[in-house]
Amino acid sequence: MQEELINSNETRSGRLFRYQRIILLLEPSGSSEISLMNQAVVRNKARLVAKGYSQSEGIDYDETYAPVPRLESFRLLLAYACYNNFKLFQMDVKSAFLNGDIKEEVYINQPPGFDDPKKHNHVYKLDKALYGLKQAPKAWYERLSQFLIEKGYRKGKVDTTLFLKEHETELLVVQIYVDDIIFGSTNNTLCNEFVELMKGEFEMSMMTYLTFFLGLQIRQTSEGTFIHQEKYIKQLLKKYELSNSKHLSSPMSTNAIVEKDETRKNADPIFYRSMIGSLSYLTASRPDILFSVCLCAIYQLGPKESHLTHVKRIFRYLSGTTNLGLWYSKISLFDLVGYSDADFAGCKIDWKSTSETCQLLGDMLISWHSKKQAFVALSTAEAEYVAAASCCAQLLWMVNNLRTMVSSLTIFRYGVLTQVP
């Protein structure tokens, strides 16, 4: 916290902090200050955090929305970089939220240990955002977005966290995820210019090759890119004491029946939901377990021992396939292809059908989902059309996102939409 609260420079109107000058004054009448708390984080680091839950909407803040990219955007960027034979880098902004400008009047009390003994009855007025404030993510995104646009970058129309800069036939792509920045270019000079640009405006960490992002392990080689979650799987197996379990060849038996079971004993719902939540995040790189996880997730409200047995089978399958993942080959085509399928009244609880879709760029799998339909289909044709419509919607999103990146490059060509019989 000392790094964020540098009070060595005294000014006449208040103390000069590292990222903002905040004014020390008596509390205005009719307003209430926001308390502060020290939140311990990794490496025994304490951060100055405001108790944002005490803020009132319409008084202390108006809007709080800040866009974040979908995982499909991230995989699409990896596929695009792989196809164009350039590597991606990553760096992050230190204390990113402290750079955001806030428009509202926000007062905070003096943090414990850093209070002024001569003005102990005063509060601080913020000029910039602080961790914990409701509007902090939005303020940071607007600050970064405005800075990049002023420097000649173009914001994506579909994915507003994607920024691009073109120089003749070269292209620089920048993906923003809160304070993490992923970027790459067909010309290394553009990458170096972007790094110097960011370092001149913000305090940045060291630039490295993209190897780990949002729990995904990325291995960029001369032949392609491999995305996996081996480390995460081993942590889950150790957490649930299934590391030494017998390996199975499939996440679910072909003749397995997962339905309501009133005869078995109740399973611990908290433990069951924890396992389902952990597996749900694993589907970011493992589409082979998606259907099984979604099927078991239906019974989170009142799980039985039989449901827990099915979930443990998924873990036993994972214990023997920890090194599986997604492979993006550099020799892959760039045709956009989508597949859709649906069962009919597969759910025995409400008789709804399940849609399953996947979208690929050549041989590179970008997006997939397995989801129960919102209403009961009256025929197999209706169920199939609903699944196809969902697949087309995702394909259109991918087309529009790709157009943002290849608007001036003639490497994209439309593929076909097919359906699994």
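Reader: Where in the chain is the place of Val173?
Author: Val173 sits in strand β10. Keep in mind that this is a predicted model.

Reader: What makes Val173 count as buried?
Author: Its relative accessible area is 0%. Buried means under 20%. The value 0% falls under that cut-off, so Val173 is called buried.

Reader: Which residues does Val173 touch, leaving out those up to four places away in sequence?
Author: They are Leu77, Tyr80, Leu162, Phe163, Leu164, Ile182, Phe183, Gly184 and Met405. Contact here means heavy atoms within 4.5 Å. Take Phe163 as one of them. Val173 and Phe163 are 10 residues apart along the chain, and their C-alpha atoms are separated by 6.1 Å.

Reader: What makes α1 largely enclosed by the rest of the structure?
Author: Count its buried residues. In α1, 11 of the 13 residues are buried, so the helix is largely enclosed. Among them are Phe74, Leu77, Leu78 and Tyr80. Charged residues are also on the list, including Glu72 and Arg75.

Reader: How do you know that the span of α2 agrees with its 15 residues?
Author: The same test works. At 1.5 Å a residue, α2 should span 21 Å. Its end C-alpha atoms are 21 Å apart, so the two agree.

Reader: Which residues of α2 are buried, and what do they pack against?
Author: The buried ones include Trp140, Tyr141, Leu144, Phe147 and Leu148. Lys138 and Arg143 are on that list too. The buried residues of α2 pack against β8, β9, β10 and α3. After α2 comes Gly152, with a positive phi near 95°.

Reader: How does the reach of α3 compare with what is expected?
Author: Helix α3 has 14 residues and reaches 21 Å, close to the expected 20 Å. Its buried residues include Leu190, Cys191, Phe194, Val195 and Met198.

Reader: What makes Glu168 count as exposed?
Author: Its relative accessibility is 71%. Exposed means over 50%. The value 71% is over that cut-off, so Glu168 is exposed. Glu168 lies in the loop between β9 and β10. Its phi is positive, about 60°, although it is not a glycine.

Reader: Why is Val178 called partly exposed?
Author: Val178 has 31% relative accessibility. Buried is under 20% and exposed is over 50%, with partly exposed in between. Val178 is in the loop between β10 and β11. Its phi is positive too, near 55°.

Reader: Which label does Leu324 get, and where is its place?
Author: Leu324 lies in the loop between α7 and β16. At 37% relative accessibility, Leu324 counts as partly exposed. Its contacts beyond four places in sequence are Phe226, His228, Arg286, Asp288 and Tyr317. Ile227 is 97 residues away along the chain, with the two C-alpha atoms separated by 8.7 Å.

Reader: How do the residues lining the second largest pocket divide?
Author: The lining has 10 nonpolar, five polar and four charged residues. The pocket volume is about 450 Å³. Of the 19 lining residues, Phe291, Leu295, Asp343, Gly346 and Thr354 are closest to its centre. Both α6 and β19 supply at least two residues of the lining.

Reader: How many helices and strands does the protein chain have?
Author: The chain has eight helices and 19 strands. Of its 421 residues, 48% count as buried.

Definitions and conventions
Residues are numbered from 1 along each chain as its sequence is written. This is a predicted model: local features need pLDDT of at least 70, side-chain atom pairs count only at pLDDT 80 or more; totals for chains, interfaces and linings use all residues. Side-chain values use heavy atoms; hydrogens and water are left out. On a 1 Å grid over the protein atoms alone, a cavity is a set of points where a 1.4 Å probe fits but cannot get out, and a pocket is an open set with protein on both sides within 12 Å along at least five of seven lines; lining residues have an atom within 4 Å of a point. Grid points are joined across faces, edges and corners, and a volume is the space filled by probe spheres set on the points. Helices (H or I, at least four residues) and strands (E, at least two) are DSSP runs, numbered from the N terminus. The expected span of a helix is 1.5 Å times one less than its number of residues. Buried means under 20% relative accessible area, exposed over 50%, partly exposed in between (1.4 Å probe, protein chains only).
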